[in-house]
2 protein chains.
Amino acid sequence: MRAEILSVGTELLLGDILNTNAQYISRELANLGINVYYQTVVGDNPERLKNAYNFALSRADIVITTGGLGPTKDDLTKEIAAEYFNKKLILDNKSLEEILTFFKKINREVSENNRKQAYFPEGCIILKNNNGTAPGCIIEENNKIAILLPGPPKEMVPMLNEGVIPYLKKFQDGTLISKVLRITGIGESSVDNLIGYIIDRQTNPTVAPYAKDNEVTLRLTAKANSEEDAYKLIVPVEKEIRDKLGDINVYGVENESVEEIVAKLLIENKLTIATAESCTGGLLAGKLINYPGVSSVFLEGVVTYSNIAKINRLKVKEDTLNKFGAVSSECAAEMAEGIAKAASTNIGVSTTGIAGPGGGTDEKPVGLVYAGIYINGVVKTKQLNLVGNRQKIRDRAVASTLDWLRRELIAYLNKDSN
Amino acid sequence: MRAEILSVGTELLLGDILNTNAQYISRELANLGINVYYQTVVGDNPERLKNAYNFALSRADIVITTGGLGPTKDDLTKEIAAEYFNKKLILDNKSLEEILTFFKKINREVSENNRKQAYFPEGCIILKNNNGTAPGCIIEENNKIAILLPGPPKEMVPMLNEGVIPYLKKFQDGTLISKVLRITGIGESSVDNLIGYIIDRQTNPTVAPYAKDNEVTLRLTAKANSEEDAYKLIVPVEKEIRDKLGDINVYGVENESVEEIVAKLLIENKLTIATAESCTGGLLAGKLINYPGVSSVFLEGVVTYSNIAKINRLKVKEDTLNKFGAVSSECAAEMAEGIAKAASTNIGVSTTGIAGPGGGTDEKPVGLVYAGIYINGVVKTKQLNLVGNRQKIRDRAVASTLDWLRRELIAYLNKDSN
C-alpha cells in the first residue's frame with residue numbers, strides 16, 4: 001500500500017511551525033510496513049488544496065491529511081474530501097454533543113462556526129477528539145482511503161494512536177515488530193564499518209541506522225505471521241550486532257535515555273550521587289532529575305561557576321586553581337571528590353571547561369572540558385575535546401559525562417559483584 | 001514569484017528525521033516576500049524524484065531542493081536537474097580542489113564517489129560548501145530557477161544564508177523588513193483580544209502572531225523602497241502594540257531570550273546572583289548560563305533536592321519543613337534568602353515544587369511550584385500552578401521564574417533610579 005501525507009496549513013509554508021506531524025505519521029506508517037512515497041504541504045488556499053488533494057489520491061492508496069478541520073472559513077479539508085468522494089456533509093449529533101461538552105468544560109461559548117465541526121462526509125468513520133474540538137474521520141471508497149486528522153500535534157497524535165493505527169492494522173500483511181538499539185561511544189562511520197555487512201545482508205529483519213547528536217540508533221524491523229515469530233527473527237541479529245559493536249556501547253533499547261539508565265542503576269544499587277558543575281551550569285543535574293524517583297539518590301547539585309564557589313563549596317585547593325587553572329584535570333578531580341564529601345554521597349560528578357565563545361586560548365581552546373567521577377573513594381578524570389557553539393559544547397559535555405558515568409557505574413558494579 | 005521546496009531523502013519519508021530544512025527555507029523566503037506554495041518530500045527513488053522534480057518546476061518559478069548531493073549512487077538530484085534542463089555535467093576543478101582539501105583536513109581518504117561531487121550542470125552558479133563535501137548550485141534557464149542545496153542542516157543553512165539569499169534579493173520587488181516582538185505573561189487569546197484589530201487592519205506592515213510554549217511572538221513585516229522607509233512604517237505600529245499589550249510584557253525583540261535579557265540586566269547593573277533549585281533541578285542555572293559572560297555575576301547555583309541539603313546548604317529551618325513542607329511559599333523564601341547569603345550575592349532565586357508524575361496530593365497537586373526571589377534584603381515568593389508532564393512542568397517553572405525575575409529586576413532598578 002502506498003501512502004501520502006498531506007499537511008494543510010499556511011503557517012507551515014511560512015515556516016512559522018515545524019511539520020512534526022509528517023514525521024510522526026511517517027514513522028508510525030513505517031512501523032506498520034506501509035510505504036510513504038510523498039509528503040506534501042499546502043496552504044489554506046481552496047484551489048491549491050483541492051489540486052494537491054486530488055493529486056495525492058491519484059498516486060496513493062491512502063492519503064492522510066493533517067489540519068484544515070478547525071472552525072474557521074479557512075478550514076476546508078472536510079469540504080474538499082467530501083467533494084472528491086462525491087458525498088454530502090451531514091450533522092453527527094454525537095460529535096455535536098461532545099463539542100458542546102468540551103466548551104462547557106473550558107467555560108467558553110460555542111460559536112456557530114464550531115457547529116461546523118460536527119458535520120462529516122456521509123458514511124465515514126468518525127474519529128473522536130479527546131483533546132480539542134475537531135473530530136477526524138476516515139473515508140473508504142473505490143479502493144482509496146482518506147484519513148482526515150486535526151493539525152495540532154497534541155490532538156493529532158492521540159487520534160492517530162487510538163483511532164487510525166488500529167484501523168490500519170487490518171491492512172497489514174503479516175505482523176511487523178521493530179526494536180531500536182541505542183548506541184553511544186562509537187560514531188556512525190565506525191558503526192558502519194563494524195556492522196555494515198549486517199545492514200547490507202539483512203532483509204528480515206531490516207536494519208536501519210540513524211545518527212543523531214551524541215548517539216547512533218539502529219532500528220531492527222522483522223515481519224512474520226505473529227509477534228512472537230517476528231521477535232524470534234530479531235534475537236540472533238541483535239546478538240550479532242551487540243557482539244560486533246561491544247555490548248557496553250549499546251546503552252539501551254527503544255526510547256531509553258542514558259540518564260534513565262544511570263538513574264535506574266543508582267536507584268537499584270542504592271548509590272547516592274551529587275554533582276558539581278562549572279561549564280555545564282546545571283544541565284547535568286537537570287538531565288539526571290529528568291528521571292522520576294531519582295530524588296531518593298540524587299542528594300545535591302551545585303553550580304560552582306566562580307573560583308570562590310569552587311573553594312568554599314567544594315574545598316578545591318587555591319593552589320590547584322593557581323597552578324593548573326579551573327579548567328584542568330586536577331580541578332575536576334577535586335570538584336568531584338569535594339561534592340561527594342560535602343553532600344555525603346557515594347558518587348560525585350564534576351565538569352569544568354570552556355564552552356565559549358570567549359575564554360579560549362591556544363593551550364586551552366574553546367571546547368576543552370574536563371569531567372571527574374568519584375565513586376566510593378576512587379576518583380577519575382577525563383578530558384573531552386568538543387566542537388560546536390556554546391550550547392552544543394555544553395550539551396555534548398553533559399552527554400559524554402553521563403555516558404562515561406554509565407560505563408564507570410557498570411564497571412564498579414561488576415567489580416563489586418565479583 | 002512562486003517557490004516550491006522539494007526535500008529529497010528516504011529518511012524523511014521513514015520519519016527518521018524532522019524536516020527542519022523546509023521550515024528554515026520557508027521562513028527565509030517569507031522574509032524575502034517570496035511565496036512558497038508547496039513543500040514536497042520525496043525519497044531517493046530515481047523515478048519518483050524525477051516526477052516530483054518535473055512537477056515542481058511546472059508549477060513554480062523557483063524550486064529549492066535539499067538533499068541528494070552526496071557521494072553515493074542514491075544521490076541523484078544533480079543528475080535529474082541536469083536532465084531537466086538538458087545540460088551536461090562537467091567537472092569543476094576548483095570544487096574538486098576544495099573537496100580534496102576538506103578530506104585532508106579531516107584526515108580521510110577521498111573515494112572516487114567523492115569526485116562525483118565536483119561535477120555540475122554546465123553553466124550553473126556553484127555554491128561553495130564550507131561545512132561539508134557537497135557544493136550546491138543554482139541553474140537559471142527559461143525563467144525557471146533551480147537551487148540545489150545539501151541535506152544536512154549544518155551545511156544547508158550557511159549555504160542558504162551566504163549564497164542563496166543574496167542571490168534571491170535581486171528578484172525582490174521593494175525591500176522587506178521584519179521585526180519580531182516577543183511577549184510573555186499574556187496568552188495568545190488575550191493578545192488577540194487586545195490587538196486583534198491591529199492584526200486585521202494592518203497590511204503594511206503585516207502583523208503575524210505565533211504562539212509558542214511560554215510566549216507569543218508577533219512578526220511585523222513592512223515593504224518599502226528602502227530599509228529606512230520600511231522601518232519607518234514599523235515604528236508607529238510597534239508603539240501601538242506595546243501600548244496595548246503593556247511594555248513590560250514585550251520582553252524582547254528578534255531572537256532575544258528572557259535569560260539573555262535577565263543576564264544583561266544583571267551584568268550592566270553589577271548585580272550578583274545565585275540559584276537554589278529543587279524541582280527544576282539545575283535547569284534554571286543552566287538557562288542563565290546560556291548567556292556568555294554571565295560568569296561575572298552568576299556566582300553559584302545549588303540543586304537541593306533533599307530536605308537535608310536544603311537545611312545544610314541553605315539554612316532552611318527544620319521547623320519550616322515540618323510545618324509547611326518543602327513545597328511551600330515559606331520554604332521557597334528561605335531557600336532564596338539562604339542561597340543569597342551563602343553565596344554572598346545580591347540576588348537569590350529559588351524553586352520548589354512537584355514536577356510529577358508521582359508525589360502529588362489533593363492539597364499539593366502535581367504542577368504546584370513555588371518560586372522565591374531575594375533582592376538585597378527583600379524576599380518575595382510566587383505560587384505557580386502548571387500543567388503538563390514532568391519535563392513540561394519543569395520547563396514552564398523555569399520560564400515563569402525567569403520572566404518573574406526579569407520583572408522584579410526592572411521594578412527594582414526603576415525604584416533604585418528614582
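A salt bridge is a side-chain nitrogen of Lys or Arg within 4 Å of a carboxyl oxygen of Asp or Glu. In this predicted model, A:Glu300 and B:Arg313 form such a pair, with their closest N and O atoms 2.2 Å apart. That distance is within the 4 Å limit. Side chains of opposite charge can pair when their charged atoms come close.

Chain B contributes 56 residues to the contact, and chain A contributes 56 residues. Together the two chains bury about 4800 Å², of which 54% is on carbon and sulfur atoms. Three residues, B:Gln39, B:Tyr305 and B:Arg313, supply 13% of the area that chain B buries against chain A, more than any other three residues. B:Arg313 is also the partner of A:Glu300 in the salt bridge described at the outset.

Polar contacts can be counted as well: there are 23 residue pairs in polar contact between chain B and chain A, both residues being at pLDDT 80 or more. On the side of chain B that touches chain A, strand β2 (residues 35–42) of chain B gives the most, with 7 residues. The residues of that side of chain B divide into 30 nonpolar, 18 polar and 8 charged.

Strand pairing also crosses from one chain to the other. Strand β2 (residues 35–42) of chain A runs antiparallel to β2(B), and 5 bridges join them. Within this pairing, A:Thr40 has B:Thr40 as its bridge partner. Strands of a sheet pair through backbone hydrogen bonds, either parallel or antiparallel.

Attention may now turn to a sheet within chain A. Four strands form an open sheet in the order β10-β11-β9-β12 (chain A), with antiparallel pairing. The edges are held by β10 (206–212) and β12 (250–253) of chain A; each has a single partner strand, so one side of each is left without a neighbour in the sheet. On average, neighbouring strands of this sheet are turned by 25° against each other, direction ignored. Strand β9 (residues 175–183) of chain A pairs with β12(A) over 3 bridges, and A:Ile183 has A:Val250 as its bridge partner there. Helix α9 (residues 227–245) of chain A packs on the sheet, touching β9, β10, β11 (215–224) and β12 of chain A, and its direction makes about 150° with that of β11(A).

Chain B also contains an open sheet of 4 strands, in the order β10-β11-β9-β12 (chain B), with antiparallel pairing. Its twist averages 25° from one strand to the next. In this sheet, B:Ile183 has B:Val250 of β12(B) as its bridge partner. Helix α9 (residues 227–245) of chain B lies across β9, β10, β11 (215–224) and β12 of chain B, running at about 150° to β11(B).

Strands β16 (residues 368–375) and β17 (residues 378–385) of chain B pair in the antiparallel sense over 8 bridges, and B:Ile375 stands opposite B:Val378 in β17(B). Between β16(B) and β17(B) there are 2 residues, and B:Asn376 in the turn has a positive phi of about 40°.

Terms used:
Residues are numbered from 1 along each chain as its sequence is written. Chains are lettered from A and ligands numbered from 1 in the order in which they are written. This is a predicted model: local features need pLDDT of at least 70, side-chain atom pairs count only at pLDDT 80 or more; totals for chains, interfaces and linings use all residues. Side-chain values use heavy atoms; hydrogens and water are left out. Contact means heavy atoms within 4.5 Å. Buried area is the accessible area (1.4 Å probe) that two parts lose on being put together, summed over both. A polar contact is a pair of N or O atoms within 3.5 Å; within protein, one must be able to donate a hydrogen and the other to accept it, and residues adjacent in sequence count only if both atoms are side-chain atoms. Ala, Val, Leu, Ile, Met, Phe, Trp, Tyr, Cys and Pro count as nonpolar, Asp, Glu, Lys and Arg as charged, and the others, Gly among them, as polar. Two strands pair if DSSP finds at least two bridges between them. Axes are lines fitted to C-alpha atoms, for helices over the stretch in contact, and angles run from 0 to 180 degrees between N-to-C directions.
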